[in-house]
Amino acid sequence: MISMSNSKKIEEPNLSANPVNYHTPVLLAEVIKGLNINPDGIYVDCTFGGGGHSKAILQLLSSKGKMIVFDQDATAKQNLPNDERVVFIQHNFRHLQRFLRVHKAVAVDGILADLGVSSHQFNEADRGFSTRFDAALDMRMDNRQQTTAATILHTYSESQLHKIFEKYGEVTNSKTLAKTIIEQRSISTIKTINQFKQSIQQIVKGNPNKYLAQVFQALRIEVNDEMGALKEMLQQSLAVLKPKGRIAVISFHSLEDRMVKNFFKQGFFDEVQADDVFGTKPESPFVLVEKKPVTASEKELKENSRSRSAKLRVAEKK
Ligand SMILES: C[S@@+](CC[C@H](N)C(=O)[O-])C[C@H]1O[C@@H](n2cnc3c(N)ncnc32)[C@H](O)[C@@H]1O
């Protein structure tokens, strides 16, 4: 384990350039500390969003420093600062290595990924992410993509639906839910959030808000292949980070966190790796910056409810 401390004093970042209400960054000071910014370095923000984390990193970079920021959602572009040190890439971070090569950034000092959707995406009714509104069942972060939540509800088999609700939403009656969707979609098309809610209302278990949130989370993860993208980005991080370069990932549910934890601890994703004949485990390519995940302070928890489930893990490439 190595220390998170940054020799440079961390200033309160000036976020006044952040468009109001787009997104409040979580664990901001903790991310900055964890990345241990090299002022002349190259940093990648895989999930630019409202740009809160990126802008705080930029404040610590010199004129030689550079940032390459990804967001697959075109609306994030509106938050770009007028700063020639920043390059915006409107693509999925699963193509990290390819785009870094295009921009001649073959070895970088730090990578940040703040996973999931932004408050802006969640609060825009038309995007279809929130159970609070009625809209088309969309849930795409990248609207150039074909597959929406409605596509999944209408084309997946019963066993595929069962699997995603069980795995990504931990929905207690995921089997019954999958069966009900298959029955209901043969009666009429399920295109909107309200149609979907009505078609499953008979089988909602426990607190309806919690139940629907779990169902929507599962659909969102599948629509955007969030686990697949995270896996590919983590694998490529090893190739693009300089020795002593750091990677910080903020996750919001246990599946993501487990994937990040295993990868940082071992350099691969499986839970158990057979020891070799001598009983030694393969050495991880990373050193953990903090042994336990970093969570929000009492103050942040009070100010930003979104920080409740946030877990930050930081690792340094050997
Ligand atoms: C939680 S927000 C990030 C907020 C940002 N850190 C800030 O301070 O405003 C996540 C953002 O990452 C984007 N995103 C999520 N997964 C992505 C992926 N696989 N590739 C590219 N962008 C992604 C989303 O569109 C969203 O804008």
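The legends below describe close-up views of a predicted model. Local features need pLDDT of at least 70, and side-chain atom pairs count only at pLDDT 80 or more, while totals for chains, interfaces and linings use all residues. Residues are numbered from 1 along each chain as its sequence is written, and side-chain values use heavy atoms, with hydrogens and water left out.

**View 1. An open sheet has 7 strands.**
The strand order is E3-E2-E1-E4-E5-E7-E6, and the pairing is mixed. The edge strands are E3 (86-89) and E6 (286-288), and each pairs on one side only. From one strand to the next, the twist averages 20°. Strands (E, at least two residues) and helices (H or I, at least four) are DSSP runs, numbered from the N terminus. Two strands pair if DSSP finds at least two bridges between them.

**View 2. Strands E1 and E2 run parallel.**
E1 covers residues 42-45, and E2 covers residues 66-70. They are joined by 4 bridges. Asp-45 stands opposite Val-69 in E2.

**View 3. Helix H1 lies across strands of the sheet.**
H1 (residues 28-35) lies across E1, E4 (108-114), E5 (241-251) and E7 (311-317). H1 runs at about 165° to E5. Helix H10 (residues 226-240) also packs on the sheet. H10 touches E4, E5, E6 and E7, and its direction makes about 155° with that of E5. Contact means heavy atoms within 4.5 Å. Axes are lines fitted to C-alpha atoms, for helices over the stretch in contact, and angles run from 0 to 180 degrees between N-to-C directions.

**View 4. Helix H6 packs against other helices.**
H6 spans residues 158-169, 12 residues in total. From its first C-alpha to its last, H6 reaches 16 Å, close to the 16 Å expected at 1.5 Å a residue. The expected span is 1.5 Å times one less than the number of residues. Leu-161, His-162, Ile-164, Phe-165, Tyr-168 and Gly-169 are buried in H6. Buried means under 20% relative accessible area, exposed over 50%, and partly exposed in between (1.4 Å probe, protein chains only). The buried residues of H6 pack against H5 (149-155), H7 (174-187), H9 (208-223), H10 and H11 (254-266). Just after H6, Glu-170 takes a positive phi of about 50°.

**View 5. Lys-179 and Glu-183 form a salt bridge.**
Side chains of opposite charge can pair when their charged atoms come close. A salt bridge is a side-chain nitrogen of Lys or Arg within 4 Å of a carboxyl oxygen of Asp or Glu. Here the closest N and O atoms are 3.5 Å apart. The two residues are 4 apart in helix H7, so about one helical turn separates them. Lys-179 is partly exposed, at 44% relative accessible area. Glu-183 is partly exposed too, at 39%.

**View 6. Glu-316 forms salt bridges with Lys-244 and Arg-246.**
For Glu-316 and Lys-244, the closest N and O atoms are 3.7 Å apart. This pair links distant parts of the chain: Glu-316 is in E7 and Lys-244 in E5, 72 residues apart. Glu-316 is buried, at 8% relative accessibility, whereas Lys-244 is exposed, at 62%. For Glu-316 and Arg-246, the closest N and O atoms are 2.9 Å apart. Arg-246 also lies in E5, so this pair ties together parts 70 residues apart in sequence. Both Glu-316 and Arg-246 are buried.

**View 7. Arg-94, Asp-225 and Glu-232 are linked in a network of salt bridges.**
A search of the whole structure finds 14 salt bridges.
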